[in-house]
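Subject: A structure for you to explore

Hello,

Here is the structure I promised to pass on to you. Please open it next to this email, and then read on for what turned up.

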Amino acid sequence: MRHAAIAVVACLALVACGTPKDAEGWAKRAVSRSRLDEKLAALAEVRKAPGERKAAVPPLVRIVEDAGTYPRARGEAALALGEIGDPAAIGPLVKALAEKPGASERDVAEMNRHLADALGALGAREAVPALTDLLQKSRDGFAQVAAVDALGKIGDPAAVDVLVAVATGKDVEPFTARKALLALGRIGDQRASGPVLQMLFEERPGVSFFPEAAFAAVQIGPPMAAPLLAVLEGRDAKLAGWAKEHGVVAGA
């Protein structure tokens, strides 16, 4: 009995010693595990681990770069990288996002969403082309919204034209269009002034874009002053013609 008890204690000691103590250790464990549930459990610990987490970046990048591993694990690793905030992760994240922007598989679409979230958190300007590609090609609404949000956080004017197309697109989901308006406001480029002004008055059955367009106008700031004054003073013939064509009452 004594020997059995000693063996149990020894096993417990080995298990305790084998439990990672920091984010780097958990990230390495995630790399070493082959089962998805074990990878996800380790990655969840990476995100909860206290203290400095920068040492976890290299193993997390290995997971993101591994095209043969589970998309869900790659997505969770991307989220952790976005939270850690090390610019060294940007290149691998962009490369992973460029793999399958139009994927319809649920796990791949979710991975793309997490990749977009991470790149937005990192403020990665070099990710704008890949995020734009995701926005235009993805058939997953959540991934599209993630791309829009990321472009807004990054704030690169290079995304304005694509975001304007989304914000004003007749076939775009209203929620996505609203998000695009907010992203345009966040970027603050004066090229968005006209479309934002129009969306103040745009209505679809049961849908108004006024709150988001108004907030975007405030964020854009001074460039919106002249267009708004022109509307108030009745000098915007183009908008007046559009309003009449779409049944918007003059008093609006």
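How do the residues of the lining of the second largest pocket divide into nonpolar, polar and charged? They divide into 4 nonpolar, 3 polar and 2 charged. Here Ala, Val, Leu, Ile, Met, Phe, Trp, Tyr, Cys and Pro count as nonpolar, Asp, Glu, Lys and Arg as charged, and the others, Gly among them, as polar.

Before going further, please note that this is a predicted model, in which local features need pLDDT of at least 70 and side-chain atom pairs count only at pLDDT 80 or more, while totals for chains, interfaces and linings use all residues. Residues are numbered from 1 along each chain as its sequence is written, and side-chain values use heavy atoms, with hydrogens and water left out.

**The two pockets**

First, the term itself. The search runs on a 1 Å grid over the protein atoms alone, and a pocket is an open set of points with protein on both sides within 12 Å along at least five of seven lines. Points are where a 1.4 Å probe fits, and lining residues have an atom within 4 Å of a point. Grid points are joined across faces, edges and corners, and a volume is the space filled by probe spheres set on the points.

The second largest pocket has a volume of about 190 Å³. Its lining is made of S193, G194, L197, Q198, P227, D236, K238, L239 and W242. Helices α12 and α15 each supply at least two of the lining residues, and the largest share, 4 residues, comes from α12. Helices, by the way, are DSSP runs (H or I, at least four residues), numbered from the N terminus.

The largest pocket has a volume of about 230 Å³. It is lined by 13 residues, and V231, L239, A240, A243 and A250 lie nearest its centre. For this pocket, α14 (225-232) and α15 (237-245) each supply at least two lining residues, with α15 giving the largest share, 3 residues. By class, this lining has 10 nonpolar, 1 polar and 2 charged residues.

**Salt bridges**

Side chains of opposite charge can pair when their charged atoms come close. A search of the whole structure finds 19 salt bridges (a side-chain nitrogen of Lys or Arg within 4 Å of a carboxyl oxygen of Asp or Glu). Let me walk you through a few.

K28 forms one with E24, with the closest N and O atoms 3.2 Å apart. Both residues lie in helix α2 (residues 23-32), 4 residues apart, which is about one turn of the helix. K28 counts as partly exposed because its relative accessibility is 48%, and E24 is partly exposed at 28% (buried means under 20% relative accessible area, exposed over 50%, partly exposed in between, with a 1.4 Å probe and protein chains only).

E99 and R74 also meet in a salt bridge, 2.9 Å from N to O. This pair links distant parts of the chain: E99 is in the loop between α6 (90-97) and α7 (106-121), and R74 is in helix α5 (residues 71-84), 25 residues apart. Is R74 buried or exposed? At 4% relative accessibility R74 counts as buried, whereas E99, at 38%, counts as partly exposed.

R191 and D161 make another pair, with their closest N and O atoms 3.7 Å apart. R191 lies in the loop between α11 (174-187) and α12 (193-199) and D161 in helix α10 (residues 160-168), so the pair ties together parts that are 30 residues apart in sequence. Salt bridges that share partners also join R33, R35, D37 and E38 into one network.

**The nonpolar core**

In soluble globular proteins, nonpolar side chains tend to be buried together. The largest nonpolar core here has 78 residues, of which L60, L93, L163 and V196 touch the most other members (such a core is a set of buried Ala, Val, Leu, Ile, Met, Phe, Trp, Tyr and Cys residues joined through side-chain atoms within 4.5 Å). Helix α9 (residues 141-154) gives the most to this core, with 7 residues.

Which residues is L93 in contact with, leaving aside its neighbours within four places in sequence? They are V64, A78, L81, L115, A118, L119 and L122, where contact means heavy atoms within 4.5 Å.

Enjoy exploring!
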